[in-house]
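Subject: A structure for you to explore

Hello,

Here is the structure I promised to pass on to you. Please open it next to this email and follow along as you read.

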Amino acid sequence: MNTLEKRQHEILTNPLHFCKKSGDFAKHSMSIKLSKNELFDVDFVTGIYFVEKGIVMKGTQIDDYIGYDQLLKHGDVCNFSSFMSSDLKRNINAKLLSPSSSVITAVDRDFFIFMVEKHVSIEEFMLFQSKKEIMILQRRCLLNTLKVKDRVKHVIAAIGYEYGISNGDNIQIPQELSTTFLSKFMGITREYLSLTLSELKKEGYLLNTKIPVIINVEKLFNEIPYESLIL
C-alpha cells in the first residue's frame, strides 16, 4: 500500500483522526461534553459528529419512542445521515444517549467534506459508510429474529469482544453499560433482561456477580466466536 492508498484508507476508516492532522481543525470543530444519562439531539445540518471519548448509544426517535440500534466508540460517525439530501433527512430525529461521561467532537460539515475530498470523492466516502450502515442494519434485523435469550447472549458477546475489560481469565463488561442501558439497546424490559442474565449465570455463560457483568470467556466465546456474531 503506497502513501496515497494509506491516506485514502485512513480517510475511509478513521476520518476523525485524518481531519485532526489539519492545522485548521481546531477552528472548525468543537468538543461537547455529555454527562451521565444525558440525551443529545443530533444536528444533521451544520456538523459531522464523532465519538471522542466514552461509549454512546445511537437511536432514532419516532413520535415519543426512541429505538437504539448502535453502540458507538471513539472515532465512530454519529450522524452519517447528514450526507443525505434535505428531503431524505427531514423526518430523521437521531439521539445519542450517554451511559456515562463522554465527549462528542462536532466538525464543521463543509470543512469535513473539504478534507475528505483531498484524496477521495465524497461519493466514495458515502459508499463506504453506506456499506457499513447496511451491514449494521442487516445484523440488527437478524438479531431481532432470535429468541430473547439468544439475543442477549449475542449482544453480551459482542460487547465483550468490542468493549470488554480483561478480568483475569474472563472479560468484564464496562460498568456504565448497566442493565438499564443494555435493556434499551436490546429492546426488552430491564426486568426481563435481569431474569435472562440470571439464567445465563446459572448456565455458566456469566460469572455469578451482581455488578459488573463478567463473561465466562471459555463458555460464551467458544459458543459464539467473533466471526459468527450477528451484531
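Below is what was found, starting with the whole protein and ending with a few single residues.

First, two notes on how to read it. This is a predicted model, in which local features need pLDDT of at least 70 and side-chain atom pairs count only at pLDDT 80 or more, while totals for chains, interfaces and linings use all residues. Residues are numbered from 1 along each chain as its sequence is written, and side-chain values use heavy atoms, with hydrogens and water left out.

**The whole protein**

The protein contains 9 helices and 10 strands (DSSP runs numbered from the N terminus, with at least four residues of H or I for a helix and at least two of E for a strand). Its C-alpha trace spans about 55 × 45 × 30 Å along the principal axes.

Of the 231 residues, 46% are buried (under 20% relative accessible area, with exposed over 50% and partly exposed in between, using a 1.4 Å probe and protein chains only). Take contacts next (heavy atoms within 4.5 Å): among those between residues at least 6 apart in sequence, 74% join residues at least 24 apart.

**The cores**

In soluble globular proteins, nonpolar side chains tend to be buried together. Which residues touch the most other members of the largest nonpolar core here? They are Leu71, Val152, Ile156, Ile159, Met186, Ile215 and Leu220, out of 34 residues in that core (a nonpolar core is a set of buried Ala, Val, Leu, Ile, Met, Phe, Trp, Tyr and Cys residues joined through side-chain atoms within 4.5 Å). Strand E5 (65-72) and helices H6 (148-163), H7 (179-186), H8 (190-202) and H9 (217-223) each supply at least two residues of this core. H6 gives the most, with 8 residues.

Leaving aside neighbours within four places in sequence, Ile159 is in contact with Leu71, Gly164, Ile173, Pro174, Leu177 and Leu182. A second, separate core has 18 residues, including Val107, Phe111, Met115 and Phe125.

**Helix H7**

Is H7 mostly covered or mostly open? It is mostly covered, with 6 of its 8 residues buried: Thr179, Phe181, Leu182, Ser183, Phe185 and Met186. These buried residues pack against strand E4 (56-62), E5, E6, helix H5 (122-143), H6 and H8. Phe185, at 3% relative accessibility, counts as buried. Just after H7, Gly187 takes a positive phi of about 75°.

Ser98 sits in the loop between strand E6 (94-97) and strand E7 (102-108), and Ser98 counts as buried because its relative accessibility is 0%. Beyond neighbours within four places in sequence, Ser98 is in contact with several residues, among them Leu34, Asn37, Ile55 and Phe181.

Ile171 belongs to strand E9 (residues 170-172) and, at 16% relative accessibility, counts as buried. Again leaving aside neighbours within four places in sequence, the contacts of Ile171 include Gly160, Ile165, Val213, Ile215 and Phe221.

Enjoy looking around!

Best wishes
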